[in-house]
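Reader: Please take one part of this model and go through it closely. Keep it brisk.

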Amino acid sequence: HSWAPDVYEGTPTPIVAFFSIAPKALAFSVLIKLMPIFEIDILKQVLTAISIVSMTAGNLLALSQTNAKRLLSYSSVSHAGFLLMGIVAGNALGAANIVYYLSVYVLMNFSAFHLIKIVARWKDDETLEGFSGLGKTNPYLATSLLITMISLTGLPPAAGFSAKLFMFAGVYESYKITNNLSIFIMLMAGLLNTVLSLFYYLKMPFYAFFRGNNENKELQLTLGEKAFILTLNALLLLFFFKPDWVFSIIKLTKLEG
């Protein structure tokens with residue numbers, strides 16, 4: 001994963017938004033097809049270790065970041081670890097949970113990078129400080145930022161909570177069936193890393209609502225930008241209350257297979 005932070009920081013934001021998602025979707029679509037192979041004990045142990053290291057290293061490295069795109073790059077490392085939990089779970093429920101997690105992750109990431117792009121245009125600044133005063137200048141955008149970051153953390157009432165809840169439930173079911181201690185350790189690592197991620201995901205909303213702003217230029221949004229932001233956030237809230245809609249689509253399209 002060591003390429004990610006430099007590439008994320010140095011690449012135009014729309015391209016980063018695409019590449020933060022596309023490689024994961026492709027990689028995990030392949031891994032889902034290979035899930036029966038990972039029932040081999042040694043491979044399951046290796047994937048479990050990679051999952052724990054990815055979650056933990058990604059979160060720990062994200063804590064010290066001041067550039068918003070670098071922060072999201074390390075968070076993507078952590079999310080890859082969470083997705084691997086579904087592969088380790090190794091059952092049909094795990095496969096469906098991976099596709100659900102990826103679907104929600106697409107919404108969260110596009111929302112986050114879209115907000116960074118708008119703020120960077122406003123202040124020509126991609127650091128966390130660039131979000132200072134956003135709550136006063138544009139409450140609409142600041143509220144969208146809060147919803148997005150809450151969802152990335154995995155808190156209600158956003159779909160990121162459902163994505164992690166279903167993933168943890170699938171892993172726990174796998175542990176009950178196999179009594180594999182390493183799976184239980186991975187589950188505990190996932191829960192602890194979810195708490196740890198609070199300390200960097202909520203930095204942006206903190207700067208937006210509780211830090212002053214010396215920027216005199218008003219932040220203007222086009223109608224298209226407002227509509228895009230509203231759509232993404234509405235879906236993140238809707239899928240929290242109606243996750244079965246997404247699972248129904250997954251079942252109909254056979255994406256989990």
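Author: What follows is a close look at one helix and its packing.

The model is predicted: local features need pLDDT of at least 70, side-chain atom pairs count only at pLDDT 80 or more, and totals for chains, interfaces and linings use all residues. Residues are numbered from 1 along each chain as its sequence is written, and side-chain values use heavy atoms, without hydrogens and water.

Helix 8 covers residues 139-153. Helices here are DSSP runs (H or I, at least four residues), numbered from the N terminus. At 1.5 Å a residue, the 15 residues of helix 8 should span 21 Å, and its end C-alpha atoms are 21 Å apart, which agrees. The expected span is 1.5 Å times one less than the number of residues. Just after helix 8, glycine 154 has a positive phi of about 100 degrees.

Helix 8 is mostly covered, with 11 of its 15 residues buried (under 20% relative accessible area, 1.4 Å probe, protein chains only). Among them are Leu141, Ser144, Ile147 and Thr153.

Now the partner. The axes of helix 8 and helix 11 (residues 203-210) come within 9 Å and cross at roughly 155 degrees. Axes are lines fitted to C-alpha atoms over the stretch in contact, and angles between N-to-C directions run from 0 to 180 degrees. The two helices are therefore roughly antiparallel (over 145 degrees). Helix 8 supplies Ala142, Thr143, Leu145, Leu146 and Met149 to the contact; helix 11 supplies Met204, Pro205, Ala208 and Phe209. Contact means heavy atoms within 4.5 Å.

Helix 8 also meets helix 10 (residues 181-201): the buried residues of helix 10 pack against several helices, including helix 8 and helix 11.

Definitions and conventions. Parallel < 35°, antiparallel > 145°, perpendicular 65-115°, else oblique. Buried < 20%, exposed > 50% of the residue type's maximum accessible area, 1.4 Å probe, protein only.
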